[in-house]
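Please keep the sequence and the structure in view while reading.

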Amino acid sequence: MRQSHLLLPTMKENPADADVISHRLMLRAGLIRQLASGLYTWLPLGLRVLRKIEAIIREELQASGAQEVLMPVVQPAELWQESGRWEKMGAEMLRMQDRHERDFCLGPTHEEVITDLFRREIQSYRQLPVNYFQIQTKFRDERRPRFGVMRAREFTMKDGYSFHTDQASFDATYQAMFDCYGRILQRMALDFRPVEADTGNIGGANSHEFHVLASSGEDTIVYASAGDYAANLEKAEAAKPGPAPAPCNNLVKVPTPGVKTITQLCDQLSISAQQTVKTLVVAGENGLTAIILRGDHELNEVKAAKLPGVVAPLQFAKDIDITQAMGAHPGFLGPVNCPIPLYVDREAAALADFCCGANEDGLHFTGVNWSRDCALEDSQIVDVRNVVEGDPAPGGAGTLKFLRGIEVGHIFQLGTTYSKAMDVSVLDQDGRNITPMMGCYGMGVTHLVAAVIEQNHDEHGIAWPVPLAPYHLHLLALNYHKSNLVKTAADKMYNAALELGIEVLLDDRDERPGVKFADADLIGLPHRIVIGERGLKNDVVEYKQRLDKAPQEVPIDQVLSLLT
């Protein structure tokens with residue numbers, strides 16, 4: 001492609017409203033342009049990258065046995081009402097009516113549509129398992145679109161769905177998709193990590209996220225320093241602690257007027273937060289429920305919302321309701337003689353001689369022990385806290401460490417969440433109707449473009465990995481319009497590269513060399529050849545890979561062999 005003919009509007013300065021590197025560089029390098037908040041037009045250079053990502057995904061999925069379909073973006077309300085998600089999706093789902101006043105939505109996802117297709121076309125266990133995927137536009141009406149295409153309202157996603165008659169069949173497909181996602185990201189030359197994850201509002205059990213590692217990532221990835229364990233922060237857990245030590249101190253009630261925080265309590269009593277517990281009160285299905293944490297730990301709200309009898313999404317109780325139920329205000333609550341049901345985090349349950357609120361305003365207990373003072377046997381011990389770096393890893397695999405990651409893929413075991421709600425059945429080998437279980441496999445295509453840039457850039461611009469580069473070779477012809485020698489050599493090399501199957505971009509613009517070099521670094525193609533009069537007089541050109549510090553002189557008749 002000749003750059004003089006290409007829609008490639010580069011920018012010298014960083015856009016003021018771009019907060020992350022990928023957003024800034026995608027705008028500056030002319031990959032995208034914003035149409036409205038969270039809506040982007042993909043320009044030729046960006047679209048080439050997008051299509052290469054799609055091609056890799058498509059090739060690996062088809063090789064794994066998945067079949068490609070294409071489902072509508074506009075979806076009828078009836079399907080979502082049938083699954084029960086028409087109201088649950090809330091304002092994130094953009095709803096509309098057609099001219100006949102029938103309700104529709106712009107699809108944020110396609111579980112309902114694929115389930116409807118399945119129940120219309122598949123009747124027998126003999127037709128299973130099946131695994132379908134699509135690469136399609138999604139729309140989610142984000143309250144605050146940000147970070148460019150990483151948090152856009154309209155985006156391209158690969159979503160896939162499988163159907164099975166038994167767990168063994170599902171497990172085989174789930175593992176195949178897990179392996180397939182790994183191959184996809186490896187082919188893109190990305191540094192990534194799969195982690196255990198929470199299923200969120202999709203439902204079902206068992207899921208893994210795939211994260212591209214980047215300091216700008218929104219998600220915290222937790223991994224074991226000496227093993228394979230990895231999970232996102234919502235799901236991660238530390239090794240189970242041992243039993244609480246035997247009591248050594250007597251229970252003592254001490255005055256603590258005005259003390260309402262763990263920090264204030266530790267300062268007044270000269271103790272560490274690790275020797276305290278705090279009591280949080282949340283809404284339960286049958287009244288209030290207390291959750292007990294060690295004083296230096298933070299509640300994991302995703303874990304808490306999954307506790308039996310606790311209202312989901314998690315709702316913290318109002319102060320007036322807490323005071324009526326507990327007899328004291330927040331800040332003075334504790335597990336001794338607690339009048340409401342208790343969930344005790346297992347780290348808190350492993351304490352002895354600890355300090356807690358006395359359920360009386362202005363008073364705390366010291367020397368508290370579960371076995372003697374709190375009737376721990378009437379409580380439920382759970383894992384409900386956020387892990388912290390340095391916690392012992394599960395299975396004795398060292399300690400837990402943190403990384404930042406950008407989620408680019410998520411695979412789920414949905415079970416019968418949708419097939420049961422939508423009354424789907426197939427005949428088994430005995431002629432009985434059974435409800436098939438489902439799997440769900442998503443990967444953000446436009447999201448991946450941003451993730452690649454977040455992991456592959458320097459202070460000058462993008463540094464594309466070869467498999468995803470919009471072009472592989474940037475041919476810079478200096479003074480192309482003023483030197484016949486340069487023009488002839490550049491055109492000859494351009495045509496030779498095309499004949500060799502090299503994807504080449506020829507900078508034949510009437511621009512100063514400095515502009516061409518700056519744009520070349522910004523665009524970030526893997527290979528660069530500079531053709532100038534001075535070098536041509538010695539039959540050499542300058543060759544440089546994008547991240548090389550300096551170019552090298554190469555004979556003009558040998559330089560293309562470096563790319564083949």
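This is a predicted model: local features need pLDDT of at least 70, side-chain atom pairs count only at pLDDT 80 or more; totals for chains, interfaces and linings use all residues.

Strand S26 (residues 473-477) and S27 run parallel and are joined by 4 bridges. Within this pair, Leu 475 stands opposite Leu 506 in S27.

## The helix across the sheet

Side chains of opposite charge can pair when their charged atoms come close. The model has a count of 36 salt bridges.

One of them pairs Asp 491 with Arg 2, with the closest N and O atoms 3.2 Å apart. Asp 491 lies in helix H14 (residues 484-499) and Arg 2 in the segment before helix H1 (21-28), so this pair ties together parts that are 489 residues apart in sequence. Asp 491 has a relative accessible area of 15% and is therefore buried, the cut-off being under 20%. Arg 2, at 21% relative accessibility, counts as partly exposed.

Glu 360 forms a salt bridge with Lys 253, and here the closest N and O atoms are 2.6 Å apart. Glu 360 sits in the loop between strand S17 (354-357) and strand S18 (363-368), while Lys 253 is in strand S13 (residues 252-255); the pair links distant parts of the chain, 107 residues apart. Glu 360 is partly exposed, with a relative accessible area of 32%. Lys 253 also counts as partly exposed, at 40% relative accessibility.

## A buried and an exposed partner

Which residue meets the side chain of Asp 428 in a salt bridge? The partner is Arg 432, at 3.1 Å from N to O. Asp 428 is buried, with a relative accessible area of 11%. Arg 432 has 52% relative accessibility and so counts as exposed, for which the cut-off is over 50%.

Some salt bridges share partners. Arg 294, Asp 296, Glu 347, Arg 385 and Asp 391 are joined into one network in this way.

Key
Residues are numbered from 1 along each chain as its sequence is written. Side-chain values use heavy atoms; hydrogens and water are left out. Two strands pair if DSSP finds at least two bridges between them. Helices (H or I, at least four residues) and strands (E, at least two) are DSSP runs, numbered from the N terminus. A salt bridge is a side-chain nitrogen of Lys or Arg within 4 Å of a carboxyl oxygen of Asp or Glu. Buried means under 20% relative accessible area, exposed over 50%, partly exposed in between (1.4 Å probe, protein chains only).
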